[in-house]
Amino acid sequence: MTHSPLTSASASAPARFEREGLTWRPMTVNDLEAAHRLSHKLGWPHRIDDWRQMLDVGEGVVLESVDSELVGTGLCFNQGAVATLGLVVISDDWQGLGLGREMMVRLMALAGPRTLLLVATTAGQPLYQKLGFEPCNRICQYQGVVTGAPPAPHEPGLRAMAASDQAALLALSPDSPAHAVAVQSANRGVVIENAGVIEGFALKRTYGRGEHIGPILARSAEQAQALVLALLTDAEGDFIRIDLVDPDDDNWLTALGLTCVDQITRMLCGEAVEEGPLTRFGLLTQALG
C-alpha cells in the first residue's frame, strides 16, 4: 500500500481553510504550552515535559487561527521502516470542518513511504479507515495506584538493568530516536538475559500523572509479565500506567490495583514490518508505539 495519493493532496490546504485565515506550519518549542492546554482540555494526562520530549524525537504540525490561537496539533515519529502518528488534536471550536483529516494528510506526508501506525480513539477510527488504516491490535490502558507488593517473579535471567546494558538495548531498535530516548531517560529498567543475549526488557519512567512502564519487549507473554512484576516490586502507593498490546490475562495486574480504564484500537497503514527478535507487549506511549 502506498501513500502517494494522500501525499499529493497535502500540497496545499483546501480553499475554505484559507478563507478562514487558518495557517498550517511546523510545530516549535514555542507552541508547547498552547499544545499542552489543548490536550489538557481533552483530559489527557501529558505534562508539558512529555510534549517537549515527544517533539524532540518527532516532527509536529500545528494549525493556527487568524488571531494566532493554536487550534490543532499532530506529530509524526519516523522510526526507521515505520512511523507512528499521534497527539492529533483539533480544538472543539473548530470541529466539523475537515481539519482532522487535513492534519492526518500532512502527517502522513511527513512519514513518506514508511508503514504507519497509530492508536485510534473510537471517534477517530472511521476517519483513519478512510485514509487507509486497518485495525491490527487491541490496546488496553491500565492505570491506578499500586495497592500491594507483587510476588517476586522467578524468570531465568531476570535482573535489574545496568548502565552496561545501554548499548545492547539501543541496538534492538537502532533507527528509532524515540526508543533511544526511552532507554536513556528511564528511571529504572529490568532485562532478561540468557547466554549473553537480551531476551526481554521493560523500562519505567516519569510520565503523565505518575510513572509509565513501557516499552515492554520479550519473547513470550510470561517473560513480559515477569518484567512488569519486577518493576512493580517497590511501587506500592505509586500511580502507574501501562499500555498493553493484546493482553490475554490481566488478573495479575488488577490484583495490584491497576484496572483497564480504556480499550482502543491500534491501526496500520501499509505492509506489516517485522520489528525485530522481540515482541512488543507494551507501548512506550500510545503516540510513540
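This is a predicted model: local features need pLDDT of at least 70, side-chain atom pairs count only at pLDDT 80 or more; totals for chains, interfaces and linings use all residues.
Local features were taken at pLDDT of at least 70 and side-chain atom pairs only at pLDDT 80 or more, while totals for chains, interfaces and linings use all residues. Numbering starts from 1 along each chain as its sequence is written, and side-chain values rest on heavy atoms, with hydrogens and water left out.

Twelve salt bridges turn up in the structure, each being a side-chain nitrogen of Lys or Arg within 4 Å of a carboxyl oxygen of Asp or Glu. One of them pairs R25 with E64 at 2.9 Å, N to O. This one spans distant parts of the chain: R25 sits in strand β1 (residues 23–26) and E64 in strand β2 (residues 59–64), 39 residues apart. Helices (H or I, at least four residues) and strands (E, at least two) are DSSP runs, numbered from the N terminus. R25 is partly exposed at 23% relative accessible area, whereas E64 is buried at 17%; buried means under 20%, exposed over 50%, and partly exposed in between (1.4 Å probe, protein chains only).

R47 and D50 make another salt bridge, with their closest N and O atoms 2.7 Å apart. Here R47 is partly exposed at 27%, and D50 is buried at 2%.

Then there is K204 with D234, where the closest N and O atoms are 3.8 Å apart. K204 belongs to strand β9 (residues 197–207) and D234 to the loop between α9 (221–232) and β11 (239–245), so this pair ties together parts 30 residues apart in sequence. K204 is buried, at 4% relative accessibility. Shared partners link R188, K204, E211 and D234 into one salt-bridge network.
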